[in-house]
Amino acid sequence: MKTIYTLIMNFLKWTYDIFTRPAAKIGLGVLVAGGFIAGALFWHMFNYGLEKTNEEQFCLSCHTMEDNLLPELQKTVHWQNRTGVRARCPDCHVPHEWTDKIARKMQASREVLAHVMGTIGTREKFKEHRIVLAQREWARFKANNSKECRNCHDYNSMDFSKMRVTSQMIMRSAAERNASCVDCHRGIAHSLPDLQGARNPAFDTLLSEAHGVSVSAGNVYYSASPMEIYADETLSKKIGSVEVATPMRVVEVKGNVQKVELDLWRKNKGFGRVLNSHFGMNITSAILEKDFSRDEQIVHVLENKVDDLTGLEWQKVAVEVWVESGSMLSSPETIWNVARTSYQSSCSVCHRQPVESGHDVNQWPGLFAGMVGFTNMDADTSKLVLKYLQMHSSDFATGSQAPGSPEGTVQSARP
């Protein structure tokens, strides 16, 4: 045992001497030459390994990529086209400049760790985590102005005359602004993630502001975010939900809950579940559960009125419900600021967005439905922006009714 211990200590001492004492029998030239050769070999092996990790075969050696992303890529023009020019994984996801490439490799280390830990090890886990992966890549492309895309697609080399007229208008505008490719083109090589589970952090800001609002009975407030409504103060019987920026008159404040009254309009047909903010206008403010929408103890009909434009009968209803406290704002202006910012940032990257007052209330839903698919808005933000556009449409441009005002407090914009 003592002999083994002695051998180990002698070996460690010898190793220490090699690296700390100057060479006594080896010339300086030999050391320099040896160091140069060792450095060259190291650099060669480093670059060789770097290039190997940039090959498509390396990317597809991970079953997560081969099973989830490769089948999607194979269905697109980036995989097969009439010219035979194909974009490979590194062409889009690895920067070509050396320093940027090294930085990207360092970032990829967490992706390797995620693979080892099984974060996206199954199809279900991959789909659940996909929104995070996509947003990370979109942010990278946005930051470098889609540099990898521009290795093949360059504005200066585009022949706009060979494009369709509609494409020419959009691409010429993008070229003038030097827009990033990812502003308009997402999901062209891989499927888009499901944005239903995503949440706009701006709603958290609105709720944070709402927590500081002191609510008093008799006053009108506005929902700071989509919220559920209940038939009882214990919040045990859900009867529906209200959309953001819905006006509510507070009837009673009781601890952490509040009783509010919704004065809204609905079409008198079917179950009448959808409640709108104004007569004759499809501005969704609340949706009731089917079992409660015709319950006269909950929904009180105040007025019946026929819309001359459609011939449909509308009902003005009052619904008293319970909601959680800390979820209402004194004014809708903060809410509209969030909606305006979302509209301007998401709907102007491809073309100039339409002016809010350029269309009426009932035109906006169809127009917006055709635009929102080209943005990354989540469901709640989409509803908020649509409501903002409707409440600032041509029907309210004359000032006869302030946007966001509850029906009945001022004259309606519709006859």
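The largest nonpolar core of this predicted model holds 30 residues. A nonpolar core is here a set of buried Ala, Val, Leu, Ile, Met, Phe, Trp, Tyr and Cys residues joined through side-chain atoms within 4.5 Å. Buried means under 20% relative accessible area, exposed over 50%, and partly exposed in between, with a 1.4 Å probe and protein chains only. Leu206, Ile335, Trp336, Tyr343, Phe368, Leu384 and Leu389 touch the most other members of the core. Helix H10 (201-210), strand S7 (281-288), helix H11 (333-346), helix H12 (364-372) and helix H13 (379-391) each supply at least two of its residues. H13 gives the most, with 6 residues. Helices (H or I, at least four residues) and strands (E, at least two) are DSSP runs, numbered from the N terminus. In soluble globular proteins, nonpolar side chains tend to be buried together.

Leu384 is in contact with Phe203, Val244, Ile335, Trp336, Val338 and Ala339, leaving aside its neighbours within four places in sequence. Contact means heavy atoms within 4.5 Å. A second, separate core has 22 residues, among them Ile229, Leu262, Val299 and Val319.

Residues are numbered from 1 along each chain as its sequence is written. Because the model is predicted, local features need pLDDT of at least 70 and side-chain atom pairs count only at pLDDT 80 or more, while totals for chains, interfaces and linings use all residues; side-chain values use heavy atoms, with hydrogens and water left out.

Two helix pairs were examined. Two packed helices are described by the angle between their axes and the distance between the axes. Axes are lines fitted to C-alpha atoms, for helices over the stretch in contact, and angles run from 0 to 180 degrees between N-to-C directions. H11 and H13 pack at an angle of about 105°, with their axes 9 Å apart. H11 is therefore roughly perpendicular to H13. Angles of 65 to 115 degrees count as roughly perpendicular, under 35 as roughly parallel, over 145 as roughly antiparallel, and the rest as oblique. On the H11 side, the contact is made by Ile335, Trp336, Val338, Ala339, Arg340, Ser342 and Tyr343. H13 contributes Thr381, Leu384, Val385, Lys387, Tyr388, Leu389 and Met391.

The axes of H10 and H11 come within 11 Å and cross at roughly 170°. These two helices are therefore roughly antiparallel to each other. Ala202, Leu206 and Glu209 of H10 meet Thr334, Ile335 and Val338 of H11.

Strand pairing requires at least two bridges found by DSSP between two strands. Strands S2 (residues 227-230) and S3 (residues 238-242) run antiparallel and are joined by 4 bridges. Glu228 stands opposite Ser241 in S3. S3 is also joined to S7, by 3 bridges, and this pair runs antiparallel. Here Gly240 has Leu288 of S7 as its bridge partner.

In total, the protein has 13 helices and 10 strands. Of its 415 residues, 37% are buried. Among contacts with a separation of 6 or more, 65% link residues 24 or more positions apart.

A disulfide is a covalent bond between the sulfur atoms of two cysteines. The criterion is a pair of cysteine sulfur atoms within 2.5 Å. Cys59 is in no disulfide, and the nearest cysteine sulfur, that of Cys89, is 4.4 Å away. For Cys89, the closest cysteine sulfur is in Cys59, too far for a bond at 4.4 Å. Cys59 is partly exposed, at 21% relative accessibility.

Most residues other than glycine have a negative phi, and most peptide bonds are trans. Ser146 has a positive phi of about 55° although it is not a glycine. Ser146 lies in the loop between helix H8 (123-143) and helix H9 (165-177). Ser146 is buried, with a relative accessible area of 0%. Asn178 also has a positive phi, near 50°. This residue lies in the loop between H9 and H10. Asn178 is partly exposed, with a relative accessible area of 40%.

Gly121 lies in the loop between helix H7 (98-117) and H8. Gly121 counts as partly exposed at 32% relative accessibility. Its C-alpha atom is separated by 9.9 Å from that of Cys62, 59 residues apart along the chain. Lys125 is placed in helix H8. At 40% relative accessibility, Lys125 is partly exposed. Beyond its neighbours within four places in sequence, Lys125 is in contact with Gly118, Thr119 and Ile120.
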